[in-house]
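Thanks for coming. Please look at the sequence and the structure on the screen while I talk.

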Amino acid sequence: MEQFKKHVEAWKAETSHWSNAAHRAEHRSYQAIIAMGALAIPLILGEMKDEPDDWFWALHELTKVNPVPPENRGFMQRMTKAWLKWGRDRGIVS
Amino acid sequence: MSSRAPSIEKIFGNLSKVGYQKSSEATTDYNCIAFAAGDVKRKWVGYRSLGFWPPGAKEGKHISALIDAFAKIGYEVCGNGESEAGFEKVVLYFERDKQEWTHAAKQLPNGKWTSKIGNLEDIVHDSPNALVGPDRDYGDIYGFMKRSRSAPPPILHSIRRDIKPHRRKHKKQS
C-alpha cells in the first residue's frame, strides 16, 4: 500500500501537466503499479473513488476487460463510475 | 481567480517571459486535445477504447493520428499561426525523436493562444512558443491547422450534441 501511494504521488507530480494519456501510462511509476499485478486493482479503484484520473489504461491492462460503454468513453466521471461498478459487482471495492 | 498558475510556471519557464494568464481552475474532465477541438466534457486520448477519439480518425500516439483527428473535424494543415480573419487555428506539438504528439493549443479571435495543461488549468498565452522551453515537456511545434469559423463540419455537431454547457469545476488538489 505504501509503495502504491509512493508511485501514485510520483506519477501525479511528474505527469499531471502531460497532455497525452498514453505518455502518462508509460511513466515508470505507472508501469510499476501495473507490475504489481492483481494486487493493484483494488488500490487503483480506491484511488479513483477519491480522485478520477487516467487509470483506465492500467485497469484495462490488468483486467483485460473494458466495462465502459462506447458512448461513455472520454467522460471521466462516467468512465470512473463504470469501473467502480465493475469493482463493486466483484466485491473488489466497497 | 488569480491570473497566475505557479505550478505551470515552474514547468514551462518560457511562460512568464512570453506572457500568459490562467483562464480556468484545474480539472480532469477534459484534456488539451479536446479543449483545442472545442469539447470541454471529454478527454480525447488517441484511442477509442480508452477515451474519446473522433470516429474514423487514425488512432495512436503518432503525430499523424492527431493531424487526422483534427482533419476529421474540419481542419486542414496550414503554413503558420498568424491570425487570419474567418479562420480558427490550432497548433500541434510533438516529440521530434519519436514523432509522437504531446499537446495542442487553439488560437483565440484576438490572436492569442489558449491551452489546457494536462490535468491542470487552462491558460491563455501570447505565443505558441510559450510552451516550448528548456524542459521541453511538450517537445517542439509540429505545425498549424485551420478551419473556417463560419461552417463547422457536421461531425462537430455530432460531437457537441451530447455535451452540456461547460461549468468549470474546482479539482481537489493532491
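**A serine in chain B**

I start with one contact: the side chains of B:S115 and B:H125 are joined by a polar contact of 2.8 Å. A polar contact here is a pair of N or O atoms within 3.5 Å; within protein, one must be able to donate a hydrogen and the other to accept it, and residues adjacent in sequence count only if both atoms are side-chain atoms.

Before I go on, the conditions. This is a predicted model, in which local features need pLDDT of at least 70 and side-chain atom pairs count only at pLDDT 80 or more, while totals for chains, interfaces and linings use all residues. Residues are numbered from 1 along each chain as its sequence is written, chains are lettered from A and ligands numbered from 1 in the order in which they are written, and side-chain values use heavy atoms, with hydrogens and water left out.

Back to the serine. B:S115 sits in strand β5 (residues 113–116) of chain B. Helices (H or I, at least four residues) and strands (E, at least two) are DSSP runs, numbered from the N terminus. The side chain of B:S115 also makes a polar contact with the side chain of B:H103, at 3.0 Å. Is B:S115 buried or exposed? B:S115 has a relative accessible area of 0%, so it is buried. Buried means under 20% relative accessible area, exposed over 50%, and partly exposed in between (1.4 Å probe, protein chains only). Not counting residues up to four places away in sequence, B:S115 touches several others, including B:F35, B:A104, B:D122 and B:L131; contact means heavy atoms within 4.5 Å.

**Between the chains**

Now the interface. Here 35 residues of chain B are in contact with 26 residues of chain A. The area buried between the two chains is about 2,400 Å², and carbon and sulfur atoms give 51% of that. Buried area is the accessible area (1.4 Å probe) that two parts lose on being put together, summed over both.

How many salt bridges does the rule find across the interface of chain B and chain A? It finds two, a salt bridge being a side-chain nitrogen of Lys or Arg within 4 Å of a carboxyl oxygen of Asp or Glu. B:K61 forms a salt bridge with A:E26, where the closest N and O atoms are 2.3 Å apart. On the side of chain B that touches chain A, strand β4 (residues 100–107) gives the most, with four residues.

Last, the rings. Over all chains the count comes to 14 aromatic pairs. Rings of Phe, Tyr and Trp (its six-membered ring) pair if their centres lie within 6.5 Å; planes under 30 degrees apart count as stacked, over 60 as edge-to-face and the rest as tilted. A:Y30 and A:W55 are stacked because their ring centres are 5.5 Å apart and their planes are at 10°. A:Y30 is in helix α3 of chain A and A:W55 in the loop between α4 and α5, 25 residues apart. Both residues are buried.

A:W57 and B:Y47 form an edge-to-face pair, 5.4 Å centre to centre with 90° between the planes. This pair joins two chains, because A:W57 lies in helix α5 of chain A and B:Y47 in a loop of chain B. A:W57 is buried at 13% relative accessible area, whereas B:Y47 is partly exposed at 23%.

The buried residues of helix α5 (residues 56–63) of chain A are A:F56, A:W57, A:A58, A:L59 and A:T63. Their cover includes α2, α3, α4 and α6 of chain A. Just after this helix, A:K64 takes a positive phi of about 60°.
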